[in-house]
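Student: Can you walk me through this one? I'd like to start with the strands.

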Amino acid sequence: MVGTSVRRALVALAVLLALPLVARADGEGNDAKVLKFDTMAAVVAPFLGAAGTIDGVPAGGAPWRIASGRGELRADGRIKVRVRGLVLVGTGQNPFTSFAAFVGCLGGTAVQTAAFPTGPEGDADIEDTVALPSPCFAPVVLVGIPRTPARPAGAWFASTGR
């Protein structure tokens, strides 16, 4: 008899402990961090243009440098990225008026944020929500120029990593 009561108590405890896991599987808890980064690497040779394509986004056609890049991606698709000093190596300036972030997941096509303003100094603060595929394995965050009718693939200039 005592063994049955103990077994029932253990089963009840296991069910109670599993409830938060079931709730998260049903969509709650989607604000968990998927990726947090404190560094980004700028595109350099030999990964320029098509040779540096990541999840459908080609690399810029010239070498870039970045002073700093950091951000985070959450499971519900919220993304924050802060870049400073993202400029062309050759000129020390950024020729574009806006940057976007791209989020790529293993084997997929990167999704893009809205365009956010930048200037010749190459500083931008990006905060948006994107529709992440499920599952999203091995996420990567890229920063570059957004897709447009004139440039349907966009281009990236900095990537998570080092």
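Tutor: Two strands pair if DSSP finds at least two bridges between them. Strands (E, at least two residues) are DSSP runs, numbered from the N terminus. This is a predicted model: local features need pLDDT of at least 70, side-chain atom pairs count only at pLDDT 80 or more, and totals for chains, interfaces and linings use all residues. Residues are numbered from 1 along each chain as its sequence is written, and side-chain values use heavy atoms, with hydrogens and water left out.

Student: In which sense do E11 and E12 pair?

Tutor: Antiparallel, over 4 bridges, with E11 covering residues 140-145. Glycine 144 has tryptophan 156 in E12 as its bridge partner.

Student: And how many bridges link E2 and E12?

Tutor: There are 3, again antiparallel; E2 is residues 40-42. Alanine 41 stands opposite serine 159 of E12.

Student: Is E12 mostly covered or open?

Tutor: Mostly covered. Of its 6 residues, 155-160, 6 are buried (under 20% relative accessible area, 1.4 Å probe, protein chains only; exposed is over 50%, partly exposed in between).

Student: Switching to aromatics. How many pairs are there?

Tutor: The structure holds 4 aromatic pairs (ring centres of Phe, Tyr and Trp, its six-membered ring, within 6.5 Å; planes under 30 degrees apart are stacked, over 60 edge-to-face, the rest tilted). Tryptophan 64 and phenylalanine 157 are stacked, because their centres are 3.8 Å apart and their planes at 10 degrees.

Student: Which parts does that pair tie together?

Tutor: Strand E3 holds tryptophan 64 and E12 holds phenylalanine 157, so the pair ties together parts 93 residues apart in sequence. Both residues are buried.
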